[in-house]
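Open the model in your viewer and keep the selection tool at hand. This tour goes stop by stop, telling you what to select and what is there.

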Amino acid sequence: MVAIRGAVLERIGAPRPYARSRPITVSELELAPPGPGELLVRVEAAGVCHSDLSVVDGNRVRPVPMLLGHEAAGIVEATGDGVHIAPGQRVVLTFLPRCGHCPACATEGLTPCEPGSAANGAGTLLDGGIRLHRAGQPVFHHLGVSGFATHAVVSATSAVPVPEDVPPSVAALLGCAVLTGGGAVLNVARPVAGQTVAVVGLGGVGMAAVLTVLAHDGVEVIAIDQLPEKLAAASGLGVQRTYTPQQAVDAGVRVPMVIEAVGHPAALQTAIDLTAPGGRTITVGLPAPDARISLSPLGFVAEGRSLIGSYLGSSVPARDIPKFVALWRAGQLPVQQLVSATITLDAINEAMDRLADGTAVRQVITF
């Protein structure tokens with residue numbers, strides 16, 4: 001057993017502000033050694049994402065107590081049998097393990113791994129086991145990672161090695177924000193010179209999509225968000241056209257590709273309204289399970305438009321993370337600009353408040 005320190009969600013649906021109700025406690029835990037096909041990783045950095053908040057606020061019901069965190073990077077310290085990643089290697093941790101054998105894995109990122117998704121829902125690792133305990137009682141894993149801790153045991157299929165020159169805070173964001181937002185650009189939108197892409201929602205995932213579009217020569221990006229400070233941040237990245245949702249509708253914006261990165265019905269409705277005839281609306285946000293929108297089917301048929309869901313940016317992490325590393329190294333994808341604050345693990349409840357308020361792009365916990 002390894003003694004670790006981690007942020008454990010004790011109860012779901014606590015009232016805000018979380019700084020007062022404190023649903024997350026920083027606890028001492030025991031971490032079992034890695035089994036076959038698993039890694040022990042010393043976590044260096046972890047991003048605070050809406051998929052963490054969605055468990056805290058109850059939009060995604062998961063078993064508790066659960067050690068949160070799914071966007072992280074660190075150094076491999078030990079491996080189980082059958083692992084070909086060496087100790088000392090920096091790895092990006094990704095939130096969907098891949099069995100590599102199910103029909104979903106054969107779709108090359110179009111649909112999520114079936115055993116991996118089942119394990120994530122149950123709060124276990126890919127083999128169905130739990131490696132986390134506190135005072136002898138099990139603590140559930142979050143999306144196969146549980147990265148809000150000093151150490152994590154993960155399936156080797158949740159880890160992608162990266163070169164040592166990739167800083168931990170950059171490597172961490174490659175595992176979710178960039179894979180999801182950037183992956184939607186590379187794998188689904190696939191823009192070419194002369195086209196325009198609109199991004200609705202400028203959190204970490206949306207901003208990663210913006211950066212990835214900006215890495216394409218001759219492709220324009222339009223950034224859309226409710227908050228003026230988010231629009232100003234997008235302008236600082238090089239975006240020339242920014243709007244609130246209402247401003248975009250009033251201006252008659254219609255573009256061939258729109259990426260929705262909020263996970264709210266109103267944002268998806270805006271994205272659909274902004275999609276030009278023949279265009280594609282790509283949604284990567286994860287709304288509450290009971291969220292609904294109202295659509296006119298005629299608009300899709302008569303105008304030849306498409307609505308496409310993209311989970312994890314339709315990415316295969318081992319295939320796509322090296323692409324993003326190459327773009328970062330070439331100076332075309334300044335991932336570090338997504339980091340709005342660096343925090344300590346003890347500030348996790350306050351970080352959830354900032355995330356819920358929409359004032360943060362990516363807060364990164366460093367260890």
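Select Glu-108, Arg-319, Asp-320 and Lys-323: salt bridges link these residues in a network. Keep in mind that the model you are viewing is predicted. Now zoom in on Asp-320 and Arg-319, whose side chains meet in a salt bridge of 2.8 Å, N to O. Is Asp-320 buried or exposed? Asp-320 counts as buried, because its relative accessibility is 1% and the cut-off is under 20%. Arg-319 counts as partly exposed, at 30%.

Stay with charged pairs. The structure holds 18 salt bridges in total. Side chains of opposite charge can pair when their charged atoms come close.

Next, select Asp-353 and Arg-16. They form a salt bridge, with 3.1 Å between the closest N and O atoms. Asp-353 sits in helix H11 (residues 348-357), while Arg-16 sits in the loop between strand S1 (2-9) and helix H1 (18-21), so this pair ties together parts 337 residues apart in sequence. Asp-353 is buried, at 8% relative accessibility. Arg-16 is partly exposed, with a relative accessible area of 40%.

Move on to Asp-165 and Arg-329. Their side chains form a salt bridge too, at 2.8 Å from N to O. Asp-165 belongs to the loop between strand S11 (159-161) and H4, and Arg-329 to helix H10 (residues 317-329), so the pair ties parts that are 164 residues apart in sequence. Asp-165 is partly exposed at 38% relative accessibility. Arg-329 is partly exposed at 46%.

Now switch to a cartoon view for the strands. Strands of a sheet pair through backbone hydrogen bonds, either parallel or antiparallel.

Begin with S1. Which way does S1 run against strand S2 (residues 24-31)? The two run antiparallel, joined by eight bridges. Click Val-2 to find one of the paired residues: its bridge partner in S2 is Leu-31. S1 also runs antiparallel to strand S4 (residues 66-67), with two bridges between them. Here Leu-9 has Met-66 in S4 as its bridge partner.

Then colour the six-stranded open sheet. In what order do its strands lie? The order is S14-S13-S12-S15-S16-S17, and the pairing is parallel. Strand S14 (241-243) and strand S17 (306-309) are at the edges; each has a single partner strand, so one side of each has no neighbour in the sheet. Neighbouring strands of this sheet are turned by 20° against each other on average, direction ignored.

Zoom in on S15 (residues 255-260). Five bridges join S15 to S16, and the two run parallel. Pick Val-258: its bridge partner in S16 is Thr-281.

Helix H4 (residues 168-189) lies across S15, S16 and S17, at about 135° to S16. Helix H8 (residues 265-273) packs on the sheet as well, touching strand S12 (196-200), S15, S16 and S17. The direction of H8 makes about 155° with that of S16.

Select Ile-293, Leu-295 and Leu-307, which make a nonpolar surface patch of about 210 Å². Where is Ile-293 found? Ile-293 is in the loop between strand S16 (275-283) and helix H9 (297-303). Ile-293 is partly exposed, with a relative accessible area of 31%.

Conventions:
Residues numbered from 1 in each chain as written. Predicted model: local features only at pLDDT ≥ 70, side-chain atom pairs only at ≥ 80, totals over all residues. Heavy atoms only, no water. Patch = residues over 30% accessible without salt bridge, like charges linked within 9 Å, V, L, I, M, F, W, Y side chains within 5 Å. Areas by Shrake-Rupley, 256 points an atom, 1.4 Å probe, with all protein chains shown as cover. Salt bridge = Lys/Arg side-chain N within 4 Å of Asp/Glu carboxyl O. Helix = DSSP H or I, 4+ residues; strand = E, 2+ residues; numbered from the N terminus. Buried < 20%, exposed > 50% of the residue type's maximum accessible area, 1.4 Å probe, protein only. Pairing = 2+ DSSP bridges. Axes fitted to C-alpha atoms, helices over the stretch in contact; angles between N-to-C directions. Contact = heavy atoms within 4.5 Å.
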